[in-house]
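I opened the notebook to look up charged side-chain pairs. The entries below follow the order in which I checked them.

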Amino acid sequence: MRDDVLARQHVGTDVIKVSTKRPKQQYLRKKVRIETKERPGTIIIDTSRKFLYFIEGNGRATRYGVGVGREGFGWAGTVKVGRKAEWPDWRPPARMIARERKKGRIIPTYMKGGINNPLGARALYLHRGGRDTIYRIHGTNQPWTIGQNMSSGCIRMMNSDVKHLYRRTPIGAKVIVIGPSGRNASRYYRERGVDVLATIFRN
């Protein structure tokens, strides 16, 4: 099957549509060497480079490729993981529904969690000051969008990667989002290259 064709599979009465197209090699999960003052367990997202780093300590991190906000939807700041969900439901914000309606596209006010849900297999809900920012780190059934500016500000990951991150990230984890300009990235981290052996024998 060509890599840009949707694979269809019947599960009960549902038809699952899963894109088999993969992102570029550079966006696949890797262990890297890193310089940072942030504590282990911190997540750093560099939206200009399309990478998310999970800080492990001892100069090491896991680097994941991500999809980020398209032009006009980029953002930056420090937030926390306020909630987590497996196979999350999707309730798009009212302003998204209105914006898409103007384009002639009708999106539902609610979609039950599942393989066809835009939030994918897992979601980490980002909060600031105890309130939901409406931004999430979540999976996607469109892995080819990883490494691209496609979203309305949320951070999307391949389903296998978001599951991996989800297991490691507790509620309350610190998340630093570096904006699309990449400004002040060196304040938070410097990557020193791929840790080849650790990547080969990664968990």
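I looked up Arg-60 and found it partly exposed at 32% relative accessible area (buried is under 20%, exposed over 50%, partly exposed in between, with a 1.4 Å probe and protein chains only). The model is predicted: local features need pLDDT of at least 70 and side-chain atom pairs count only at pLDDT 80 or more, while totals for chains, interfaces and linings use all residues. Residues are numbered from 1 along each chain as its sequence is written, and side-chain values use heavy atoms, with hydrogens and water left out.

I then took the partner of Arg-60: its side chain meets that of Asp-195 in a salt bridge, 2.6 Å from N to O (a side-chain nitrogen of Lys or Arg within 4 Å of a carboxyl oxygen of Asp or Glu). Arg-60 lies in strand β6 (60–65) and Asp-195 in the loop between β14 (190–194) and α4 (196–200), so the pair ties together parts 135 residues apart in sequence. Helices (H or I, at least four residues) and strands (E, at least two) are DSSP runs, numbered from the N terminus. I noted Asp-195 as buried, at 15%.

Next I checked Arg-122, which forms a salt bridge with Glu-86, the closest N and O atoms being 3.9 Å apart. This pair links strand β9 (122–128) with strand β8 (77–86), the two residues being 36 apart. Arg-122 counts as buried at 13%.

For Arg-136 I found a salt bridge to Asp-132, with 2.8 Å between the closest N and O atoms. Arg-136 is buried at 15%, whereas Asp-132 is partly exposed at 38%.

Last, I recorded a network of salt bridges linking Lys-31, Glu-56 and Arg-168. The structure holds ten salt bridges.
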